[in-house]
Amino acid sequence: MTYPDESMKTAWAPRMRRVEMIIHVVGWGLLFCFPFFFTGKTPRPTTTVDYLRSAIVPISFMVVFYANYCWLVKRYLFTRQQWKFLLSNLVLIVVVALVVHLLISCLSLRVVPFPPPRPPRPLWGTIGFFLINGVIYVLVAALSVAIKMTGSWYQVESMRREMEKARTEAELRNLKSQLNPHFLFNTLNNIYSLIAFSPDRAQEAVHGLSRLLRYVLYESSQPGVSLGRDLNFLQDYIALMRIRLPEHVRVETRIDCANPEIQIAPLLFMSLVENAFKHGVSNDRPSFVRVEIEQVGEEVRGAITNSYFPKASVSDKSGSGIGLVNLEKRLSLLYPNAYTFEYGQVGDMYRANLTIKLSDKK
């Protein structure tokens with residue numbers, strides 16, 4: 001079997017080998033102990049020869065089992081050579097059955113050197129005896145195949161999960177690498193427009209931007225941040241956005257955090273707020289942006305509403321338009337089955353509702 005990543009193989013291999021070893025030792029140990037528990041109607045001490053005779057069959061089971069487990073399944077069945085696998089097992093079972101028959105006969109002579117003559121066994125009886133033993137060996141081989149296939153499935157499933165985890169982490173890194181330039185691009189546009197009529201406020205905005213970038217570039221690189229810190233960042237961003245807004249734009253915020261230490265993935269609500277300012281502000285008509293975020297138990301509920309002035313895709317230079325798409329991808333990767341996200345136009349407004357179920361584990 002080939003492994004896409006050697007580190008994935010080493011991650012599960014030691015544990016898998018230990019579990020397999022324990023199962024095999026316990027299983028064969030019970031099988032080899034059977035002669036001590038079943039001594040017949042007239043109990044008598046079990047001699048060495050008696051035990052060797054009773055151990056021949058379990059040993060033959062082991063030969064058939066491990067010939068398949070260690071070699072035949074991997075060599076033929078995994079390579080889709082079923083006919084070679086069946087033929088090899090047929091030869092193996094016939095040879096093992098004959099050897100077992102000869103060994104038991106030899107040991108019987110050691111116990112009773114001159115056994116009384118017995119009538120010859122009929123041909124159908126001999127055939128039936130070997131057929132029954134053959135069926136038992138086939139069942140042993142089938143058990144070996146089942147265990148080997150189950151172990152192989154477990155290995156493949158473990159590698160699949162590791163690969164899925166690696167893919168998820170890579171995609172999250174990619175989404176963050178897109179989000180950071182997107183945020184910076186929009187904010188620099190705001191400061192650029194501010195420089196023209198208020199250099200002092202632009203200087204103050206640059207100072208505020210440095211604090212925001214410190215959070216975006218360093219703290220937000222962590223898989224989780226405190227909810228209080230993330231919401232403080234959001235409030236700082238909204239304050240920065242207010243600087244450039246004309247008087248006819250109304251901005252309302254209500255942000256309530258009952259447990260600021262609870263962990264959340266960073267910058268999830270950022271895309272919604274960016275989108276609200278991008279499409280909710282008009283240069284010449286009354287407009288508004290309303291941001292409401294509250295924490296209720298382990299849930300964080302956000303409702304962002306804004307007047308709706310959609311930008312034309314050709315003339316819009318305020319951003320790359322990837323915010324909501326990235327947010328949906330991040331939510332599906334980070335909080336599967338633990339969030340609700342609805343957004344769309346409602347009359348002349350645009351509304352986005354996001355609820356995330358968090359864990360209070362740090």
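Ile304 stands opposite Ala352 in strand β7. The model is predicted, with local features requiring pLDDT of at least 70 and side-chain atom pairs counted only at pLDDT 80 or more, whereas totals for chains, interfaces and linings use all residues. Residues are numbered from 1 along each chain as its sequence is written, and side-chain values use heavy atoms, with hydrogens and water left out.

Strand β7 (residues 349–357) runs antiparallel to β5, to which it is joined by 9 bridges. Strands are DSSP runs of E with at least two residues, helices are runs of H or I with at least four residues, and both are numbered from the N terminus; two strands are taken to pair if DSSP finds at least two bridges between them. Strand β5 (residues 299–307) also pairs with strand β4 (residues 287–296), in the antiparallel sense and over 8 bridges. Within this pairing, Val289 has Asn306 of β5 as its bridge partner. The hairpin of β4 and β5 has 2 residues between the strands, and Gly297 adopts a positive phi near 65° there.

Val289 is also one of the residues touched by Phe277, together with Ile238, Met241, Leu245 and Val251, when residues up to four places away in sequence are not counted. Contact here denotes heavy atoms within 4.5 Å. Phe277 is in turn among the residues with the most contacts inside the largest nonpolar core, which has 49 residues; the others are Ile264, Phe269 and Leu272. Helix α6 (residues 227–242) gives the most to this core, contributing 8 residues. Apart from it lies another core, of 20 residues, including Leu72, Phe85, Tyr137 and Ala141. A nonpolar core is defined as a set of buried Ala, Val, Leu, Ile, Met, Phe, Trp, Tyr and Cys residues joined through side-chain atoms within 4.5 Å. Buried denotes under 20% relative accessible area, exposed over 50%, and partly exposed the range in between (1.4 Å probe, protein chains only).

Ser144 is located in helix α4 (residues 123–195) and counts as buried because its relative accessibility is 0%. A polar atom of the Ser144 side chain lies 2.9 Å from the backbone oxygen of Phe65. Ser144 touches Phe65, Asn68 and Tyr69, with residues up to four places away in sequence not counted.

Asn337, by contrast, counts as exposed, because its relative accessibility is 84%. Asn337 is found in the loop between α8 (323–334) and β6 (339–346). The C-alpha atoms of Asn337 and Lys357 are 9.2 Å apart in space, the two residues being 20 residues apart in sequence.

How values were computed:
Polar contact = N/O pair within 3.5 Å; in protein donor to acceptor, adjacent residues only side chain to side chain.
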